[in-house]
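Keep the sequence and the 3D view open side by side as you read.

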Amino acid sequence: MGHDDLRIWLNHFEHHAQHPRCVPSAGAEPLKPEERRLIARSIATFQLGEQSEGSTLRRAAERFACVHRLPALPRIVELFICEERRHAALLRDFMEDEHIALMSSHWTDRIFRRLRRLWGLELYLYVLISAELIGIVYYRALEAATGCQRLKLLCRFLVCDELAHVGFGSQMLLALRARRPALPRALLRLAHRTFLAGTVGVVWLTHRLVLRHAGYRPRGFLRACLAQYAFYLEPAKVALPFPSVS
Ligand SMILES: [Fe+2]
Ligand SMILES: [Fe+2]
């Protein structure tokens with residue numbers, strides 16, 4: 001990942017910071033009681049996951065930027081953390097208007113936070129991107145599971161932002177991975193896919209009501225998450241699904 005790539009990401013996150021997402025609440029139809037019961041704990045867990053001070057990530061990015069002479073990186077990471085906090089705020093506003101209780105702690109959130117702190121920027125990104133890949137599939141499922149237009153719009157915004165986050169994270173990880181010899185690279189890929197599959201299993205167990213309501217079964221949910229992984233983190237395949245023009 002070069003300085004030009006980082007400049008593009010810096011522009012992206014600065015643009016988002018200057019034009020923050022806004023989900024209008026006026027005139028929005030409230031959730032039906034059965035929908036509220038279905039999603040309350042699930043959305044509260046994701047809201048919790050979105051809010052983070054980001055101090056570990058900030059420190060790791062500063063160290064990494066210093067070693068690799070990437071002056072734009074700390075600012076990008078700072079803007080990224082702010083965007084995640086805006087996600088948490090959008091979800092919180094929705095939950096408060098819908099009288100859904102906020103969650104202060106959940107065991108899955110505690111595990112994720114501990115794992116991210118273990119070792120440097122690269123491990124942080126592996127753990128973070130796993131959550132974001134699953135988040136993309138989850139927010140799409142949540143959108144499908146509700147008839148509430150405000151929540152649908154919120155999910156769409158979150159998916160849009162998470163797609164860009166995964167784009168940024170995967171570019172960083174692929175650049176870091178490419179510097180390693182073939183065997184460690186293959187082992188890293190295997191370890192990450194295994195971690196992702198395990199995390200998908202945990203997310204299925206804790207959010208299965210919403211996911212089932214959106215039409216997912218465990219295998220389908222795993223397949224959808226692994227497809228996201230393959231799209232962003234597998235080496236690019238150049239074959240196109242249509243014939244070339246001669
Ligand atoms: Fe987010
Ligand atoms: Fe994100």
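Phe94 is in contact (heavy atoms within 4.5 Å) with Leu31, Ile39, Ile43, Cys148, Arg150, Leu151 and Leu154, leaving aside its neighbours within four places in sequence. This is a predicted model, in which local features need pLDDT of at least 70, side-chain atom pairs count only at pLDDT 80 or more, and totals for chains, interfaces and linings use all residues. Residues are numbered from 1 along each chain as its sequence is written, chains are lettered from A and ligands numbered from 1 in the order in which they are written, and side-chain values use heavy atoms, with hydrogens and water left out.

Phe94 has its place in helix H4; helices here are DSSP runs of H or I with at least four residues, numbered from the N terminus. Because its relative accessibility is 0%, Phe94 counts as buried (under 20% relative accessible area, with exposed meaning over 50% and partly exposed in between, using a 1.4 Å probe and protein chains only). Pro24 is 70 residues from Phe94 along the chain, yet their C-alpha atoms are separated by 9.9 Å.

Now follow Leu151, one of those partners of Phe94. With the neighbours within four places in sequence again left aside, Leu151 is in contact with Leu31, Ile39, Ile43, Phe94, Leu142 and Thr146. Leu151 also stands, with Ile39 and Leu73, among the residues with the most contacts inside the largest nonpolar core, which has 70 residues. Such a core is a set of buried Ala, Val, Leu, Ile, Met, Phe, Trp, Tyr and Cys residues joined through side-chain atoms within 4.5 Å. Helix H6 (120–145) is one of the elements that give two or more residues to this core, and H6 gives the most, with 15 residues.

The iron ion (ligand 1) is coordinated at 1.9 to 2.8 Å by Glu50 (OE), Glu50 (OE), Glu84 (OE), His87 (ND1) and Glu162 (OE). Donors are N, O and S atoms within 2.8 Å of the metal (3.2 Å for Na, K and Ca), and water is not among the atoms, so sites may look incomplete. Glu84 coordinates both this ion and the iron ion (ligand 2), and the two are 3.4 Å apart. Glu84 and His87 are separated by about one helical turn, because they lie 3 residues apart in H4 (residues 73–97). Both Glu84 and His87 are buried.
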